[in-house]
Amino acid sequence: MAYNLLKGKKGIIFGALNSKSLAWKVAEKAYEEGAEFILTNAPVAMRLGEVNELAEKCNAELVPADVSKQEDINHLFDVAVEKFGKIDFILHSIGMSPNVRKGLEYDELNYDFYNKTLDISAISFHKIIKTCKEKDAMNEWGSIVALSYIAAQRIFYKYNDMADAKALLESITRSFGYIYGRDKNVRINTISQSPTMTTAGQGVKGINTLFDFADKISPLGNADADDCADYCISLFSDLTRKVTMQNLYHDGGFSSMGMSQEAIDVFES
Ligand SMILES: NC(=O)c1ccc[n+]([C@@H]2O[C@H](COP(=O)([O-])OP(=O)(O)OC[C@H]3O[C@@H](n4cnc5c(N)ncnc54)[C@H](O)[C@@H]3O)[C@@H](O)[C@H]2O)c1
């Protein structure tokens, strides 16, 4: 059901790769709620073509941008300013670790890969916000959201160097949240999402076990991609204007749990 929560709002959504992507669901719901937006992803991801389908459905312009390239980010914001004047929301839904892809363990990280993980998955958030602020591309009371994971706080062994990237992402959220809030009343938050079966999610070793474990521990069960999209929409809306610099757990209660009856039953069986 749509509530027109984003009527008249304009934005940029990073990271819709295919219909499983968290950003894909956010785009669908943002469109239903009345938003207009640009969809962007790395050129190589766009060449895979699925995102064209989403752009057509949501009447969105596609602008390729590799977030490790400052010139691509500049171009993206120039297009956004030209098209919309100012925007109201940004979704950062980007994660990539060459170390995870190559199966390197945390105590044998390749440092070139490590730099790439941090650059694409976290420092890109700083670059995007900095570019947006320098170009004065966001309306006052705009909202910027990035997607994180609880491995930033606790050990989920196979999450590897992505855990460090998420810790940095959440720290950037606080540091820039202060500055952008103080100067322009722009809010910045991360949503710490349950394990979800997306392309990036399925790249994490042992995701099926992690998914089942989290689902059994959480009183409300795992939050799925549609739930995540709903939460993002609420954060882009005017209903959350004073929420900023937060890492918001969206995990069915997982982050507050120790042991559940369901998990005890599994271990006792
Ligand atoms: N799936 C999960 O279990 C889960 C849980 C918590 C948080 N998250 C986070 O959600 C976000 C979205 O991931 P997802 O699960 O939807 O998977 P996904 O694979 O659909 O999305 C990841 C996106 O990052 C993009 N990307 C990679 N390198 C890029 C670059 N250089 N420039 C621009 N874009 C680039 C990919 O093309 C892809 O669209 C990530 O930050 C991920 O860490 C996922």
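This is a predicted model: local features need pLDDT of at least 70, side-chain atom pairs count only at pLDDT 80 or more; totals for chains, interfaces and linings use all residues.

Helix H4 passes helix H6 in a right-handed crossing. I looked up which residues make the contact. H4 brings Gln70, Ile73, Asn74 and Phe77, and H6 brings Lys127, Ile128, Thr131 and Cys132. I sorted the residues of this contact by class: four are nonpolar, three polar and one charged.

Next I checked the axes. H4 spans residues 70-84, and its axis comes within 10 Å of the axis of H6. The two axes cross at roughly 45 degrees. The pair is therefore oblique.

**The sheet.** I then traced the strands. Seven of them form an open sheet, in the order S3-S2-S1-S4-S5-S6-S7, with parallel pairing.

S2 (residues 36-40) runs parallel to S3, and two bridges join them. Here Ile38 stands opposite Glu61 of S3. H6 (residues 111-134) packs on the sheet and touches S4 (87-92), S5 (138-148) and S6 (187-193). The direction of H6 makes about 170 degrees with that of S4.

**The ligand.** Last, I counted the shell: 26 residues surround the ligand. The closest are Ser21, Gly95, Thr198, Ala200 and Gly201. H1 (22-32), S5 and H8 (199-202) each supply at least two shell residues. H8 gives the largest share, three residues. By class, I noted 13 nonpolar, twelve polar and one charged in the shell.

Terms used:
Residues are numbered from 1 along each chain as its sequence is written. Two strands pair if DSSP finds at least two bridges between them. Helices (H or I, at least four residues) and strands (E, at least two) are DSSP runs, numbered from the N terminus. Two residues are in contact if their C-beta atoms, placed from the backbone, lie within 7 Å. Axes are lines fitted to C-alpha atoms, for helices over the stretch in contact, and angles run from 0 to 180 degrees between N-to-C directions. A residue is near a molecule or strand if its C-beta atom, placed from the backbone, lies within 6 Å of it. Ala, Val, Leu, Ile, Met, Phe, Trp, Tyr, Cys and Pro count as nonpolar, Asp, Glu, Lys and Arg as charged, and the others, Gly among them, as polar. Angles under 35 degrees count as roughly parallel, over 145 as roughly antiparallel, 65 to 115 as roughly perpendicular and the rest as oblique. A crossing is left-handed if the near helix is turned anticlockwise from the far one by less than a right angle, and right-handed if clockwise.
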